[in-house]
Amino acid sequence: MAQRSPEQVLKEHFGYDEFRPNQREIVEAILKGRDVLAVMPTGAGKSVCYQVPSVVSQGLTLVISPLISLMKDQVRALGQAGIPAAYLNSALDSRQQQETIQAAAAGGFRLLYVAPERLSAPSFLGLCRDMPPCVVAIDEAHCISQWGQDFRPSYLGINDFIGRLPQRPAVCAFTATATRQVREDIVRVLKLRDPVCMQASFDRPNLHFSTRRATGSSGPRSKDGMLKKVIEKHGGQSGIVYCMTRRTVEEVCDALRSWGVSATRYHGGLGAAERRTNQDDFVFDRAQVMVATNAFGMGIDKSDVGFIVHYNMPLDVESYYQEAGRAGRDGEPADCVLLYAPKDVRTAEFLLSNGYRESGEVDGPTRQELLRRAHERLKQMTFYATTQDCLRRFLLDYFDEEAPGFCGNCSNCETQFEERDVTLEAQKIISCVYRLGQRNRTVGKATIVDILRGSKGAKIRDAGYDTLSTYGIMEQESTRRLRFLLDALLERGLLDTQIVGRGNYKVVVTNSASAHFLKSGEVFRIKVPRETKRERARKRLREGASGPVGTPTNPKARRHSASARVAAPGKRAAEADPQLFQRLKELRASIAAEAGVPAYVVFSDRTLHEMCERLPCNTEEMLEVSGVGRLKAERYAQRFLSVINASR
Ligand code: ADP
Ligand code: ZN
């Protein structure tokens with residue numbers, strides 16, 4: 001058979017029309033035999049990146065993953081898509097393992113999933129010499145970094161294993177969580193050779209983030225009260241509630257049941273059989289809500305989770321974002337709610353200190369350093385729980401990604417921001433940059449804020465900035481709000497940044513849009529952070545001392561309105577036909593039950609929604625629905641079409 005193109009494989013086996021951003025580049029790099037480092041958030045579609053090349057090239061791709069439950073799900077889903085795959089792990093008995101190894105040696109599989117511990121087993125090494133993999137894909141690659149939150153010593157054996165292969169395969173590392181340091185670690189420790197590095201945006205626009213401070217042990221403002229509201233809002237949708245300790249899991253699960261919610265639970269204190277049963281109950285929609293410790297979820301790729309509630313604050317932002325990211329993988333709007341009480345910080349500190357005291361694998365000074373970094377991460381997590389700024393911006397900033405200061409789809413943007421005319425403020429800021437330019441001086445954001453606020457610091461005085469006419473003209477504003485306004489001007493192109501010097505120092509400069517803005521008297525109306533109580537009090541104090549600053553500019557001059565782009569993020573276009581959707585869901589449930597697979601493996605909610613919108617008449621039209629591949633169309637299209645036809 002002639003080699004198929006990646007697009008053909010994507011369409012025929014997975015039913016998708018096009019690659020998402022970055023997927024195409026990664027697939028091409030792998031097909032060229034290049035090493036890859038791919039950093040993509042949960043739900044971005046990492047697995048397709050190595051699954052498609054394995055089918056195109058017809059070689060063997062070895063997937064190293066620490067997640068035993070994921071292997072089973074993925075192999076099952078691949079089977080549904082018509083791609084031969086298998087896994088080898090301790091969940092198989094020795095006869096099953098033997099059979100799998102024989103089938104693999106005969107070239108029967110495109111993908112073989114293994115846990116890192118397997119790499120040192122002689123029988124496995126023997127297999128890999130007879131049937132060398134052309135690609136080794138490493139999932140959850142951040143587990144290789146000692147400095148990450150999820151270090152696994154078994155990952156350190158990967159290099160050794162690759163060295164023993166008759167030919168070095170392309171080595172591709174995938175992770176959903178990586179700060180700069182961890183990214184560097186992955187490249188260094190795995191000895192990636194000139195890797196193609198792809199960093200997808202970490203933004204998940206369909207996720208709504210919120211933080212809620214809880215008070216009391218009962219009533220609407222308590223954690224239970226708020227949890228109840230989230231569950232009510234989501235009707236019968238699946239959701240996960242994460243708790244810090246086993247005991248809390250038990251308590252919350254009992255509470256949910258007493259409210260009549262079908263809930264199940266998962267934590268390390270339960271036996272393996274019960275964990276498996278409870279997990280399946282959740283995956284197969286027999287239980288609506290899973291209450292769990294962070295032991296749950298790695299490797300569950302249930303795509304129709306509508307909400308994630310953190311009943312306690314996690315230990316770091318990496319974990320939080322990974323856990324919250326399990327919501328809405330199908331692209332539908334979903335909620336990520338962090339319930340926070342100050343007590344959570346103390347519990348977390350206690351857990352950290354104890355956890356590190358017990359970790360016997362490292363020497364004293366290293367342990368001290370690990371603990372220090374863990375506390376630093378906890379501090380950042382606490383900032384997230386208490387910040388009044390845009391939550392999405394906070395999260396993206398944490399992963400070194402630039403983002404606007406206002407997303408419009410988080411609890412802070414909804415409650416802590418207000419639309420205001422900030423034309424005068426914008427004029428002052430731009431004037432300040434302009435005056436600096438006249439003196440041939442360019443400075444970074446922090447210095448501009450210092451000048452406008454009239455900082456008495458030595459740096460400002462030594463440079464003579466206190467003699468500028470714009471010095472101190474915004475002294476009543478807080479640094480936070482000034483910084484926000486400055487960023488907003490940069491985002492909208494009314495100011496620019498330039499890189500200067502060898503230190504990659506970023507300075508702010510004016511451009512033609514700045515000049516036009518100052519001349520034309522355009523109105524600048526945007527969502528800005530509300531003043532906090534403290535900011536208001538300070539402002540009053542300062543105004544009392546120096547009299548009100550600034551008068552509104554001439555209203556006549558304000559003719560044009562600068563674009564106040566307010567994101568109106570994604571609630572789904574009014575559902576085409578809720579009854580049809582319900583019937584399609586029922587059909588999906590019975591097919592899933594017949595095939596013994598979870599419902600979303602048959603089709604995702606998103607695919608069903610699209611069927612309701614497009615109302616396909618025949619198999620050809622069905623194939624145009626995103627998520628319907630040829631194989632699934634052959635299997636299921638007729639049954640779905642007859643339900644759709646019956647509703648016309
Ligand atoms: P990750 O491993 O990065 O968390 P997955 O590989 O599980 O993400 O993919 C997340 C979801 O996105 C899955 O339901 C997957 O089928 C879907 N998906 C992946 N690639 C595409 C694509 N190109 N078009 C549409 N959906 C896609
Ligand atoms: Zn926001």
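Modeller: This is a predicted model. Asp281 forms a salt bridge with Arg286. Their closest N and O atoms are 2.8 Å apart.

Biologist: Is Arg286 buried or exposed?

Modeller: Arg286 is exposed, at 53% relative accessible area. The cut-off for exposed is over 50%.

Biologist: Which residue does Arg265 bridge to?

Modeller: Arg265 pairs with Glu274, with 3.2 Å between the closest N and O atoms. Arg265 is buried, at 16%. Glu274 is partly exposed, at 31%.

Biologist: And what about Glu425, buried or exposed?

Modeller: Glu425 is buried, with 13% relative accessible area. The side chain of Glu425 meets Arg420 in a salt bridge, 3.5 Å from N to O. Arg420 is partly exposed, at 26%.

Biologist: Which residues are joined into one network?

Modeller: Arg393, Lys445, Asp487, Glu491 and Arg492, through salt bridges that share partners.

Biologist: How many salt bridges in the whole structure?

Modeller: The search finds 41.

Biologist: New topic. What is the strand order in the open sheet?

Modeller: β3-β4-β2-β5-β6-β1-β7, seven strands with parallel pairing. The edge strands are β3 (85-88) and β7 (196-199). Neighbouring strands are turned by 15 degrees on average, direction ignored.

Biologist: How many bridges between β5 and β6?

Modeller: Four, linking residues 135-138 of β5 with residues 170-175 of β6 in the parallel sense. Ala137 stands opposite Cys172 in β6.

Biologist: Which strands does α3 lie across?

Modeller: Helix α3 (residues 46-57) lies across β2, β4, β5 and β6. The helix runs at about 135 degrees to β4.

Key:
Residues are numbered from 1 along each chain as its sequence is written. Chains are lettered from A and ligands numbered from 1 in the order in which they are written. This is a predicted model: local features need pLDDT of at least 70, side-chain atom pairs count only at pLDDT 80 or more; totals for chains, interfaces and linings use all residues. Side-chain values use heavy atoms; hydrogens and water are left out. Two strands pair if DSSP finds at least two bridges between them. Helices (H or I, at least four residues) and strands (E, at least two) are DSSP runs, numbered from the N terminus. Axes are lines fitted to C-alpha atoms, for helices over the stretch in contact, and angles run from 0 to 180 degrees between N-to-C directions. Contact means heavy atoms within 4.5 Å. A salt bridge is a side-chain nitrogen of Lys or Arg within 4 Å of a carboxyl oxygen of Asp or Glu. Buried means under 20% relative accessible area, exposed over 50%, partly exposed in between (1.4 Å probe, protein chains only).
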